[in-house]
Amino acid sequence: MSRDVVAVATLVGTLVMLRLMSNTVLQEAGNLFEICFFYIRNSYPGMLPDISQELIYSCISIVAVVAGPFLIVTILMNSIATFSQTKLLISTEPLKPKLSKLNPLQGIKRLFSLKSLVELVKNLLKISVLLFLIYRYFNEAALDFYRFLDMELSAACKILFDHIFQLLLQVVVAFTVVAFFDYLYQWWSYEKDLRMSKQEIKEEYKQMEGDPKVKGKIKEIQRRRAQQRMMQQVPRADVVIRNPTHVAVALRYKPDQDNAPVVVAMGLDELALRIVAVAEENNVAVVENVSLARSLYAATDLDREIPPEFYGPVAEILVYVLKLDQQPPAAH
């Protein structure tokens, strides 16, 4: 919100009321003088306590008639200029006490900030414009002042009022231009302050997506649990096809429920050795086939049937394992 816009709006309202109520102001001022002169002319010693109350009431009523409309228009223009910028926003935040305002370091920081520099330049510009307009006014109008000596008071006051009104009108126009650019600056500053810093963006990303450390920990737990469930399926496998130490793929084939052999476990390196160890502990056949083990690991997914191109090699291994299971144990 630009405070200069509010000031200019208030000044415009006052200027309009000054033009509209000029006759009323002059008339009420004349009435005030007449009342005062009446009491002076008809007063006597000891009368002041009797007329003071009546005189005060008369002055208050005249001031209310003259200043009341100006006050109402000022408040109205101030409110319109404020709420039009803030979109009817009402906040009590500026009324709350802030101890940071008492901090000298914060005060020095605000003193040398960009906002303070802009305010300084803006105030110097307004003072310069005002002094220039006043100088030009007196330079042009001073020649007319000598004519006031030959005029009636009302005529001289009217000419002086017109001059002052023209001066105020020029001030309003000049300050309107300043207020327009100040509003643009306040808008730009407000949008700039709304932007988040890099740290704030990181914190927001953490809140939305989760802390990377926590996410990594969760993924580690999920991976460990998935491996545990996978290792529980190894004893139900029919065969484990392995590359000696690097790859192991466990297959299950139940003709009554599977259309093709299904991968129930697979792993590399240490996990491959664990799969083989669990298979041997549960008397699951382990067959070494380097090329087939690598191909199955690269082309298949866990809990999925093997692709058709592996039907032949896997079928040969399953037949071989079935024959081994049908052979009687060797006699000792």
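I sorted the lining of the largest pocket by class: 11 nonpolar, nine polar and 12 charged residues. I counted Ala, Val, Leu, Ile, Met, Phe, Trp, Tyr, Cys and Pro as nonpolar, Asp, Glu, Lys and Arg as charged, and the others, Gly among them, as polar. The model is predicted, so I kept local features at pLDDT of at least 70 and side-chain atom pairs at pLDDT 80 or more, with all residues in totals for chains, interfaces and linings. Numbering runs from 1 along each chain as its sequence is written, and side-chain values use heavy atoms, without hydrogens or water.

Which residues lie nearest the pocket centre? I found M1, R3, K115, Q186 and Y190, out of 32 lining residues. A pocket here is an open set of points on a 1 Å grid over the protein atoms alone, where a 1.4 Å probe fits, with protein on both sides within 12 Å along at least five of seven lines; lining residues have an atom within 4 Å of a point. Helix 6 gives the largest share of the lining, 10 residues. Helices are DSSP runs (H or I, at least four residues), numbered from the N terminus.

Next, the rings. I paired Phe, Tyr and Trp (its six-membered ring) with centres within 6.5 Å; planes under 30 degrees apart are stacked, over 60 edge-to-face, the rest tilted. The count is four aromatic pairs. F180 and F181 are edge-to-face, because their planes stand at 75 degrees, with centres 5.4 Å apart. Y185 and W188 are tilted: 35 degrees, centres 6.0 Å apart. Both lie in helix 6, three residues apart, about one turn.

Key. Helix = DSSP H or I, 4+ residues; strand = E, 2+ residues; numbered from the N terminus.
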